[in-house]
Amino acid sequence: MASKGFFHSFLSSLIVALLAFSVIYFFVPGMSEQFFGISFSSRGVNGTTQVDKMVDGAVATVTSSPEFTQQSIDKLQELLKSDEVQAKLKTAALQGEQALKDAVKSVSDAVK
């Protein structure tokens, strides 16, 4: 039997690594975000823009709602400026639109 050699082993491991990366990148976006920092579902999506749109929508809803007082509107604006809430909203934006909607709703419910 002939020895396969170094290059055969190297190419085999390279192909296995590429296949593993491709499967994780395309089909397991949560794990891809965790390990690679990017996934197919989040490419080209600017989390900040999505967060800004959702926050603007929440502020418009709150200001037009009669159940919120001026104090609660001011408190909401202060919460939205905090780094902790911004980080929470950006993380939710990366998880998807429904997660972002839930996060915005929880922040607006906190000021009621």
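Helices, here DSSP runs of H or I with at least four residues, and strands, runs of E with at least two, are numbered from the N terminus. On that basis, the elements of this protein run α-α-α-α-α-α from the N terminus on. There are six helices and zero strands.

Before I continue, a word on the basis of this talk. The model is predicted, so local features need pLDDT of at least 70 and side-chain atom pairs count only at pLDDT 80 or more, while totals for chains, interfaces and linings use all residues. Residues are numbered from 1 along each chain as its sequence is written, and side-chain values use heavy atoms, with hydrogens and water left out.

Let me begin with the protein as a whole. It exposes about 8000 Å², of which carbon and sulfur atoms supply 62%; accessible areas come from the Shrake-Rupley method with a 1.4 Å probe, and for residues only the protein chains shown count as cover. A residue is called buried under 20% relative accessible area, exposed over 50%, and partly exposed in between, with a 1.4 Å probe and protein chains only. Of the 112 residues, 23% are buried. A contact means heavy atoms within 4.5 Å. Among contacts with a separation of 6 or more, 47% join residues 24 or more positions apart.

I turn now to the interior. A nonpolar core is a set of buried Ala, Val, Leu, Ile, Met, Phe, Trp, Tyr and Cys residues joined through side-chain atoms within 4.5 Å. Which members of the largest nonpolar core touch the most other members? They are Leu76, Leu80, Leu89 and Leu100, in a core of 16 residues. At least two residues of this core come from each of α3 (47-64), α4 (70-81), α5 (83-95) and α6 (97-110). Leaving out residues up to four places away in sequence, leucine 76 touches Val59, Val62, Val107, Ser108 and Val111.

Next, please look at helix α2 (residues 29-36), where serine 32 is found. Is serine 32 buried or exposed? Serine 32 is buried, because its relative accessible area is 0%. A polar atom of its side chain lies 2.4 Å from the backbone oxygen of isoleucine 38. Beyond four places in sequence, serine 32 touches Ile24, Tyr25, Gly37, Ile38 and Ser39.

Serine 39 itself sits in the loop between α2 and α3, and is buried at 1% relative accessibility. Its side chain makes a polar contact with the side chain of glutamate 33, at 3.3 Å. A polar contact is a pair of N or O atoms within 3.5 Å; within protein, one must be able to donate a hydrogen and the other to accept it, and residues adjacent in sequence count only if both atoms are side-chain atoms.

Glycine 30, also in α2, is exposed, because its relative accessible area is 53%. Its C-alpha atom is 7.7 Å from that of glutamine 95, 65 residues apart along the chain.

Finally, the surface. A nonpolar patch with about 940 Å² of accessible area together includes Phe21, Met31 and Phe40. Patches are made of residues with over 30% relative accessible area and no salt bridge, with nonpolar side chains (Val, Leu, Ile, Met, Phe, Trp, Tyr) joined within 5 Å and like charges within 9 Å. A salt bridge is a side-chain nitrogen of Lys or Arg within 4 Å of a carboxyl oxygen of Asp or Glu. The largest share of the nonpolar patch, four residues, comes from α1. Phenylalanine 40, in the loop between α2 and α3, is partly exposed at 35% relative accessibility.
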